[in-house]
Amino acid sequence: MILCCGESLIDMLPRQATTGENAFAPHAGGAVFNTAIALGRLGAPVAMFTGLAADFFGDLLAETLESSKVSTQYVHRADAPCTVAFVKLVDGHATYAFYDENTAGRMLPTDALPDLADDVNALFFGGISLVVEPCGATYEALMTREAAKRVTMIDPNIRPGFIKDEAAYRARIDRMMGMADIVKLSDEDLAWLMGGEDIDANAAQVLAMGPKLVCITRGKDGASGYTANGRVDVAANTVTVVDTVGAGDTFNAGVLASLEQAGVLSKEGVANLSDEVIANALSLGARSAAITVSRAGANPPWTHEL
């Protein structure tokens, strides 16, 4: 089972009311939440560890997880409000305004860390949950506890406008990338973290930190996987883009689901990936993400849609 560890929130997506007025509609979301949903729809065994509000928004998030075959056995419910993100779309690209003070997700304490069953073979981390405290420290503590015996993957999914203490955030991401078996970054996130525009050189720096596989997405220019043995490239799928909400999250799910299906989602397996296995993983990620961007909001595909 793959355990997705990070934020669940309500995305307020821009819509037009029947009266013609601009409006916002609530949708279940969050970067790590979207990855969990996509994994469930791709048929991978998946659960989620997150802080959920004990209110109707929390119920909506839990019901959405379960309807996409995501186990909620590790979810921590709390008597606190739900994180809300208002989304603005410019030429199909999303920007966010987060409302996260004292929420169930943000206030997730370290004493809420679950004891994991033996069937959990991989953990995924990322998103805004790594930016703020105390939840950032909680997720890092879980990764530190489990990284030696289970596969770990991180996608920081960086939102610069949400980061208040950049030095502390960069230090956390460096520590977590150093512990991770798999790191995924968009080309924009890679440049923000490492500086400069040379993707190969920057990816090599990330690889040198310790990961066995570094995945870099480049939008319409496809994706690449870097290992100690070299680089594997796949092309992007050509689609009409409605918006990019959830694209990277779905890509992550495709990579993990493919590795799970190939039987290599173990410490030994990820340390010895063949080019063919990497190409298949990147391809499923790219194909899945292409469907997500072809429709409004974070709406990852089910297996039959591929």
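# Close-up views of the predicted model

**View 1. Asparagine 102 lies in the loop that runs between strand β9 (93-99) and strand β10.** Helices (H or I, at least four residues) and strands (E, at least two) are DSSP runs, numbered from the N terminus. The structure is a predicted model, in which local features need pLDDT of at least 70 and side-chain atom pairs count only at pLDDT 80 or more, while totals for chains, interfaces and linings use all residues. Residues are numbered from 1 along each chain as its sequence is written, and side-chain values use heavy atoms, with hydrogens and water left out. The phi of asparagine 102 is near 60°, a positive value in a residue other than glycine. With a relative accessible area of 51%, asparagine 102 is exposed, where exposed means over 50% relative accessible area, buried under 20% and partly exposed in between (1.4 Å probe, protein chains only).

**View 2. Lysine 69 sits in the loop between helix α2 (56-67) and strand β6 (70-71).** Although lysine 69 is not a glycine, its phi is positive, at about 70°. Lysine 69 counts as exposed, because its relative accessibility is 61%.

**View 3. A cis peptide bond joins glutamate 133 to proline 134.** The omega of this bond is near 5°. Proline 134 belongs to the loop between β10 (122-126) and α3 (135-146).

**View 4. Helix α1 (residues 31-41) is mostly covered, with 11 of its 11 residues buried.** The buried residues of α1 include Val32, Phe33, Ile37 and Leu39, and among them are also Asn34, Thr35 and Arg41. Glycine 43 follows α1 and has a positive phi, near 90°.

**View 5. Helix α5 (residues 187-194) has Asp189, Leu190 and Leu193 as its buried residues.** Seen down the axis of α5, these buried residues fall within an arc of 100°, so they line one face of the helix; the arc is that of the directions from the helix axis to the C-beta atoms. An α-helix has 3.6 residues a turn, so residues three or four places apart point the same way. The cover over the buried residues of α5 includes β11 (151-155), α4 (166-179), β12 (182-186), α6 (199-208) and β13 (213-217), where contact means heavy atoms within 4.5 Å. Just after α5, glycine 195 takes a positive phi of about 80°.

**View 6. Leucine 213, in strand β13, counts as buried at 2% relative accessibility.** Leaving aside its neighbours within four places in sequence, leucine 213 is in contact with residues that include Ile182, Val183, Leu207, Tyr226, Leu273 and Ile278. The C-alpha atoms of leucine 213 and methionine 153 are 9.4 Å apart in space, although the two residues are 60 residues apart in sequence.

**View 7. Isoleucine 278 is found in helix α9 (residues 275-293).** Isoleucine 278 counts as buried, because its relative accessibility is 2%. When residues up to four places away in sequence are not counted, isoleucine 278 touches Leu213, Gly225, Thr227, Val232 and Leu273.

**View 8. Serine 258 has its place in helix α7 (residues 247-261).** At 10% relative accessibility, serine 258 counts as buried. Apart from its neighbours within four places in sequence, serine 258 is in contact with Asn280, Ala281 and Leu284.

**Setting of the views. The secondary structure of the protein comes to nine helices and 15 strands.** The C-alpha trace spans about 55 × 45 × 40 Å along its principal axes. The radius of gyration of the protein is 18 Å, which agrees with the value near 19 Å that a compact globule of 306 residues would have; the radius is taken over C-alpha atoms, and the globule rule is 2.2 Å times the number of residues to the power 0.38. Buried residues make up 54% of the 306 residues, and among contacts between residues at least 6 apart in sequence, 69% join residues at least 24 apart.
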